Amino acid sequence: CLKSGVSNKQIFLESSRGEDIGSDIFHMIRIFHRPEFKEYQILLAVSEKSRKKWEKLSQVYQLDRVQTLEVNSQAYTEALAASGYLITDTPLPGYFVKREGQVYFHIPNETPLKMLGRQVQGREFALGDEQRNSLISDMMLFQNEYSRDIFLDDYMLRNIYPGKIMLAGYPRSSALIQGEMSERIIRGCGLSGKQVIAYMPVWRGAQIKKNFEIQLKIIYQYLSQIDRLLTDDQLFFVKLHPYVADAVDYSVYRHIRSFPGEYETYDFLSAADILVTDYSGVMFDFGVTGRKIILFTYDREAYLSENGMYIDLNDIGLPIVDTAETLISEIAEPNAGYGEFRERYCSCD
């Protein structure tokens, strides 16, 4: 702040505190590679773990104008101080002080199913981080009125948030709607003539070894059952939470694979015929495609006893199954549609 002014030709982006390279931030980087932004410097925060993922994605998508910054490094803090535009989907560090001339655009991560903010018992201490971050932003983006109202109420920002609120589709939605990469992915991954099923479950529990081992055992159990029931013209692609994703050996399965790392998640979803999830907000994103969504909630009673929900799953308008057998049966059923669901959660897309 003492050494340099604010550059209105410098754009700083960060996703999940540098731990992820995907979703909205990735698709905004693609936008900034268009000719009209050629005079802008693009800066991306990365962690040591996410750097390799970025290197792979940047080669596939030819994103050669991005300069990466290690989170909390000297270059990172200088970029925070000097960038004219800042775009994030999670709160900036507590030491960040916004300067005159900086424009901060915040994209809360997803349409919420699980409760947030003051509704989460025992985590009231975490409110301040999100409140402060929101109150210094100039604009926040929400996918629908439902998300906006929950965020403003449960982070206690209503009537005091000083910035602008935009109701519009998320940048990542463009991948699902336009499907620019879907044909390339179908060819590159050998998906022609196959029914492509994408499975994206949430993480269950805390980041501790006991939960890790339990979840890994359960995952193997269900994937083994599903693999036996799938046919040779079906492929079941899995994207697990980073806590457990690298621990699963997919080579033991005939019909099940991991999401390919060379494509961004939402680009790969654009090539999927069906989404299988459980309590993840990805259902609200995929809804814009009109393709089939199945909720595989084999542990619903236990999960709901520990996690409050804004919506009763029985009222959401999507098919719900709780065993591998009923999941396979539902996959074979035609898509019954979900007009009210799309109208409520996807209308801005």
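1. Both faces of strand E9 are covered: on one side Gln234, Phe236 and Val238 are buried, and on the other Leu235 and Phe237 are buried. Here "buried" means under 20% relative accessible area, "exposed" means over 50%, and "partly exposed" lies in between (1.4 Å probe, protein chains only). Strand E9 comprises residues 234-238, and five of its five residues are buried. Helices (H or I, at least four residues) and strands (E, at least two) are DSSP runs, numbered from the N terminus.

2. The model is predicted, so local features need pLDDT of at least 70 and side-chain atom pairs count only at pLDDT 80 or more, while totals for chains, interfaces and linings use all residues. Residues are numbered from 1 along each chain as its sequence is written, and side-chain values use heavy atoms, with hydrogens and water left out.

3. Which strands are joined to E9? Strand E8 (residues 195-200) runs parallel to E9 and is joined to it by five bridges; two strands are said to pair if DSSP finds at least two bridges between them. Within this pairing, Val196 stands opposite Leu235 of E9. Strand E10 (residues 256-258) is also parallel to E9, with three bridges between them, and Phe236 faces Ile256 of E10.

4. Another part of the structure is an open sheet of seven strands, with parallel pairing, in the order E3-E2-E1-E4-E5-E6-E7. Strand E3 (66-70) and E7 stand at the edges with a single partner strand each, so one side of each has no neighbour in the sheet. Direction ignored, neighbouring strands of this sheet are turned by 20 degrees against each other on average. For such angles, axes are lines fitted to C-alpha atoms, for helices over the stretch in contact, and angles run from 0 to 180 degrees between N-to-C directions.

5. Strand E4 (residues 83-88) belongs to this sheet, and five of its six residues are buried. Strand E1 (residues 7-14) is joined to E4 by five bridges in the parallel sense, and Ser7 has Ser83 of E4 as its bridge partner. E4 also pairs with strand E5 (residues 103-106), again parallel, over four bridges; Leu86 stands opposite Tyr104 of E5. E5 in turn pairs with E6 over two bridges in the parallel sense, where Phe105 is opposite Met139.

6. Helix H2 (residues 48-61) touches strand E2 (41-46) and E3, and its direction makes about 165 degrees with that of E3. Helix H3 (residues 74-82) touches E1, E2, E3 and E4, and its direction makes about 125 degrees with that of E1. Contact means heavy atoms within 4.5 Å.

7. Which residues of helix H5 (residues 145-154) are buried? They are Tyr146, Ser147, Ile150, Phe151, Leu152 and Asp154. Their cover includes helix H4 (127-135), strand E6 (139-142), E7 and helix H14 (339-345). Just after H5, Met156 takes a positive phi of about 55 degrees.

8. How many salt bridges does a search of the whole structure find? The search finds 15, where a salt bridge is a side-chain nitrogen of Lys or Arg within 4 Å of a carboxyl oxygen of Asp or Glu. Side chains of opposite charge can pair when their charged atoms come close. One network of salt bridges links Arg148, Asp149, Asp153 and Arg158.

9. Asp267 and Arg30 form a salt bridge, their closest N and O atoms being 3.3 Å apart. This pair links distant parts of the chain, 237 residues apart: Asp267 is in helix H10 (residues 265-269) and Arg30 is in helix H1 (residues 23-32). Asp267 counts as buried, at 1% relative accessibility, whereas Arg30 is partly exposed, at 23%.

10. Two further salt bridges deserve attention. Asp285 and Arg172 form one of them, with the closest N and O atoms 3.0 Å apart. Asp285 lies in helix H11 (residues 282-286) and Arg172 in the loop between strand E7 (164-167) and helix H6 (173-178), so this pair ties together parts 113 residues apart in sequence. Asp285 and Arg172 are both buried. In the other, Lys292 meets Glu330 at 2.7 Å, N to O. Lys292 is in strand E12 (residues 292-296) and Glu330 in helix H13 (residues 324-332), so parts 38 residues apart in sequence are tied together. Lys292 and Glu330 are likewise both buried.
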